[in-house]
Amino acid sequence: MAGELALIAVSAMLVNNFVLARFLGICPFLGVSRRMESAVGMSMAVLFVMTVASLVSWLVQRLILAPFGLEYLRTITFILVIASLVQLVEMVVQKTSPVLYQALGIFLPLITTNCAILGVALLVQQKDYGFLQTLTFAVAASLGFGLALVLLAGLRTSLALAALPRAFQGNAIVLITAGILSLAFMGFSGLVRG
Amino acid sequence: MLAAILALGGMGAVAGLGLGLAAKRFAVEVDARLEEILEALPGINCGACGYAGCRPCGEAIHTGAAKVNACPVGGEGTVQTLARIMGVEPEAAIAQVARIFCTGGVEEARRSFAYQGMGDCNAAVLVSGGGKACVFGCLGLGSCVEACPYDAMYMNANAIPVVIDDKCTGCTLCAPACPKDLIEMVPTGSDVQVLCHSTHKGSEVKKVCTVGCIACDICVKICPYEAITVTAHLAEIDYGKCTNCGLCVAKCPDDTILDFSGVRPKSFILEASCTGCTWCRDVCPTNAITGEQDLLHVVAPERCIGCYMCKDICPEDAVEMRGPNAYGVPGVQVVGEATPNRLTLVQIR
């Protein structure tokens, strides 16, 4: 069991990294990677939302959709559930912990139904994971997302000081960097099957 | 079908109800003042304050991180309102107005070639600098006018942008639109400007433009307040020292220095108070005041340029500045827009 969980974790974090191998969640990856601070903030928000969202959607699948044979409503139901969940979480956090709200606040609505979040919820059902496996998968996937985001943010802060040819300035070099980063992550493929 | 509608509708209803209850349960009290502040700000999100938009600026004012005069666009009224909301003393609004530091239009500036392309200064400048023989000159295609969100600029017939002072909020958005960096923000009340950016030698400037600064130093010499310096073949006015007296405007041989104060008043000596001390007569740079010791002094209105020097020096407060029609000079109309004034004076000492 522990071995299987470790395998799931390595697979979700590195081999099938959500951003660099599955190409999910590209918008925050490119949008919030300009500064290291915001990249870390975004990663934390994703970790939080992804874990909660996948667990709740797992429960919805098991308790509502599967017993009534409504699996075909999965995608739209998950969007509904995750969106309201994030709203609720935002309200609770704002009330209970202003400090945490300051840190995560602006990022929470941004990732409400981010494709990476929805992707985790759907992939969990595809792979027919149990509760513990789902938890591991979600945490590892969000850590992988955070890793990619922090890596790119680090590269971008260094690149900001580099003398670039005009054609490469701005978004061009960011896309090129992201592509090379993705190529590097391809090196992990074959480590774990699936 | 029915099951799907019921399930999805049910879940939506539950989620909506839950969120509605949660919004009540976890409602965070927002200071009513913040709402009022946001209401008072212009809401155009121009970014002139240095914040990302009106909301961040309002939040900064609310927390005290920014002063009530943080918004340079809103003007005095906004500052007053914000000061009332925040319960502090209103500070002076930072008022500034845009000025285009080139007056070399079609008539004055020579063209090296006729640019025929996109009607945009930033496109034109890519084609060998845009066609003006003077590399510092205004291209006259109105990119700054396009950038102005307040309709405070227009292109005049001479293909030079004109700022309508009453509408200009000093938001600075026009400045980056100019590929020649000709737009500067000047404090309102500083009405005299050297409208040229050319750092070329006088002889070079003469070849390409009739209104460019040729660094002749006349303004430097005539300025009674030492407010003008010439560096890199270009005269520059220190707004801190300048009193808008207008002497340099009248004396500038190329009409490079312009006066934006509109119609200037004329000095008027009050018979009852004048003791005939001759101070004003001696200080007048245009010899507009005549009079003997201990006798009433008289102003020749056609010579007075409204520099205020006599008013400032009079020990008896016997000098008043009156409207241009104080002496019944006919035909003077006050123009509402920022038409720069070229003070015409024939005789200056």
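Here are some notes on this two-chain structure, which is a predicted model.

1. Let's start with chain A, where the secondary structure consists of 8 helices and 0 strands. Chain A has 194 residues, and 34% of them count as buried. Looking at contacts in chain A with a separation of 6 or more, 79% come from residues 24 or more positions apart.

2. Two packed helices are described by the angle between their axes and the distance between the axes. For helix 7 (residues 131-159) and helix 8 (residues 171-185) of chain A, the axes come within 11 Å and cross at roughly 135°. That angle makes helix 7 of chain A oblique to helix 8 of chain A. The crossing of these two helices of chain A is right-handed.

3. Which residues of helix 7 of chain A meet helix 8 of chain A? From helix 7 they are Ala148(A), Leu151(A), Leu152(A), Leu155(A), Arg156(A) and Leu159(A). Their partners in helix 8 of chain A are Ile173(A), Val174(A), Thr177(A), Ala178(A) and Leu181(A). By class, the residues of this helix 7 to helix 8 contact in chain A divide into 9 nonpolar, 1 polar and 1 charged.

4. Now for the place where the chains meet. The contact takes 14 residues from chain A and 13 residues from chain B. On the chain A side, the largest share comes from helix 4 (residues 74-96), with 10 residues. The side of chain A that touches chain B has 9 nonpolar, 4 polar and 1 charged residues.

5. Turning to chain B, you will find 11 helices and 12 strands. Buried residues make up 35% of its 349 residues. Among contacts in chain B between residues at least 6 apart in sequence, 60% join residues at least 24 apart.

6. In soluble globular proteins, nonpolar side chains tend to be buried together. The largest nonpolar core here has 83 residues, and those touching the most other members are Ile100(B), Cys102(B), Cys174(B), Cys213(B), Cys248(B) and Ile257(B). Helix 9 (residues 247-251) of chain B gives the most to this core, with 4 residues. There is also a second, separate core of 46 residues, and it includes Val32(A), Val86(A), Ala148(A) and Val174(A).

7. Setting aside residues up to four places away in sequence, Cys102(B) touches Phe136(B), Gly137(B), Cys138(B), Leu182(B), Leu195(B), Cys196(B) and His197(B).

8. Is Asp191(B) buried or exposed? Asp191(B) sits in the loop between strand 4 (183-187) and strand 5 (192-194) of chain B. It counts as buried, because 23 C-beta neighbours lie inside 10 Å and the cut-off for burial is 20 or more. Leaving aside neighbours within four places in sequence, Asp191(B) is in contact with Asn244(B), Asp259(B), Phe260(B) and Ser261(B). Tyr239(B) is 48 residues from Asp191(B) in sequence and 9.1 Å away in space, C-alpha to C-alpha.

9. Two backbone angles in chain B deserve a look. Most residues other than glycine have a negative phi, and most peptide bonds are trans. Thr172(B), however, has a positive phi near 70°. This residue, Thr172(B), lies in the loop between strand 3 (161-163) and strand 4 of chain B, and it is partly exposed, with 18 other C-beta atoms within 10 Å. Tyr308(B) is not a glycine either, yet has a positive phi of about 75°. You can find Tyr308(B) in the loop between strand 11 and helix 11 of chain B, where it is partly exposed, with 17 other C-beta atoms within 10 Å.

10. Finally, a stop at Pro301(B), placed in the loop between strand 11 (298-299) and helix 11 (309-313) of chain B. Pro301(B) is partly exposed, with 18 other C-beta atoms within 10 Å. Along the chain, Pro301(B) and Ser267(B) are 34 residues apart, while their C-alpha atoms are separated by 7.6 Å.

Technical notes: Residues are numbered from 1 along each chain as its sequence is written. Chains are lettered from A and ligands numbered from 1 in the order in which they are written. This is a predicted model: local features need pLDDT of at least 70, side-chain atom pairs count only at pLDDT 80 or more; totals for chains, interfaces and linings use all residues. A residue is buried if 20 or more other C-beta atoms lie within 10 Å of its own, exposed if 12 or fewer, and partly exposed in between; C-beta atoms are placed from the backbone. Two residues are in contact if their C-beta atoms, placed from the backbone, lie within 7 Å. Axes are lines fitted to C-alpha atoms, for helices over the stretch in contact, and angles run from 0 to 180 degrees between N-to-C directions. Angles under 35 degrees count as roughly parallel, over 145 as roughly antiparallel, 65 to 115 as roughly perpendicular and the rest as oblique. A crossing is left-handed if the near helix is turned anticlockwise from the far one by less than a right angle, and right-handed if clockwise. Ala, Val, Leu, Ile, Met, Phe, Trp, Tyr, Cys and Pro count as nonpolar, Asp, Glu, Lys and Arg as charged, and the others, Gly among them, as polar. A nonpolar core is a set of buried Ala, Val, Leu, Ile, Met, Phe, Trp, Tyr and Cys residues joined through C-beta atoms within 7 Å.
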